[in-house]
Amino acid sequence: MIPPLADPPHRRTAHGAPMSPRLSRLYTWLQANNVALTDFSTDECVQREMARLNRLRDELAAALSNAQEYTPYLHHLATDLANLMRRVPANRVTR
């Protein structure tokens with residue numbers, strides 16, 4: 001399910017700061033697709049949701065390939081999803 005192009009409702013982070021429209025759109029889209037992640041989710045939370053995230057990535061790729069024109073909104077969503085999917089325990093930096 002690809003969300004509508006309208007801006008999502010104004011959301012706040014777990015710490016109460018206002019989210020950017022782009023970040024709000026990402027988390028609104030994830031929640032609309034039953035992915036239980038927030039801006040405060042840990043890398044382990046992302047790992048648990050990886051099967052759903054892979055399915056959404058594939059759906060989004062199909063929507064992008066079928067798009068009749070360039071839509072920055074969808075490209076931003078794909079980029080943000082890919083960045084989120086890299087946030088897993090295997091990519092932790094240890095010192």
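Let me begin with a term: a residue is called buried under 20% relative accessible area, exposed over 50%, and partly exposed in between, with a 1.4 Å probe and protein chains only. Asn-34 is therefore exposed, with a relative accessible area of 59%.

Colleagues, the model before you is predicted: local features need pLDDT of at least 70, side-chain atom pairs count only at pLDDT 80 or more, and totals for chains, interfaces and linings use all residues. Residues are numbered from 1 along each chain as its sequence is written, and side-chain values use heavy atoms, with hydrogens and water left out.

I turn to the overall architecture. The chain contains four helices and zero strands, where helices (H or I, at least four residues) and strands (E, at least two) are DSSP runs numbered from the N terminus. Read from the N terminus, the order of elements is α-α-α-α. Of the 95 residues of the chain, 34% count as buried. A contact, in this talk, means heavy atoms within 4.5 Å. Among contacts between residues at least 6 apart in sequence, 56% join residues at least 24 apart.

Let us consider the pairing of two helices. At what angle do the axes of α1 and α4 cross? Helix α1, residues 21-32, and helix α4, residues 72-85, have axes that come within 10 Å and cross at roughly 75°. The axes are lines fitted to C-alpha atoms, for helices over the stretch in contact, and angles run from 0 to 180 degrees between N-to-C directions. That makes α1 roughly perpendicular to α4; the classes are roughly parallel under 35 degrees, roughly antiparallel over 145, roughly perpendicular from 65 to 115, and oblique for the rest.

We come now to the interior. A nonpolar core is a set of buried Ala, Val, Leu, Ile, Met, Phe, Trp, Tyr and Cys residues joined through side-chain atoms within 4.5 Å. The largest such core has 20 residues, and those with the most contacts inside it are Trp-29, Leu-30, Leu-37, Val-46, Leu-53 and Leu-81. Two or more residues come from each of α1, α2, α3 (50-66) and α4. Which helix gives the most to this core? It is α4, with six residues.

Leu-53 touches Leu-30, Val-35, Leu-37, Val-46, Leu-81 and Met-85, not counting residues up to four places away in sequence. Leu-56 is placed in helix α3 and, at 0% relative accessibility, counts as buried. With the same exclusion of residues up to four places away, Leu-56 touches Trp-29, Leu-30, Asn-33, Val-35 and Leu-81. The C-alpha atoms of Leu-56 and Val-35, 21 residues apart along the chain, are separated by 9.6 Å.

Next, helix α2, which spans residues 43-48. Beyond four places in sequence, Asp-43 touches Arg-87, Val-88, Pro-89 and Arg-92.

Gln-47 also belongs to α2, and is partly exposed at 40%.

Finally, I return to the loop between α1 and α2, where Asn-34 lies. The phi of Asn-34 is near 60°, a positive value in a residue other than glycine. Most residues other than glycine have a negative phi. Ala-36 is in this loop as well and counts as exposed at 59% relative accessibility. Leaving aside neighbours within four places in sequence, Ala-36 is in contact with Ser-41 and Glu-49. The C-alpha atoms of Ala-36 and Glu-49 are separated by 7.4 Å.
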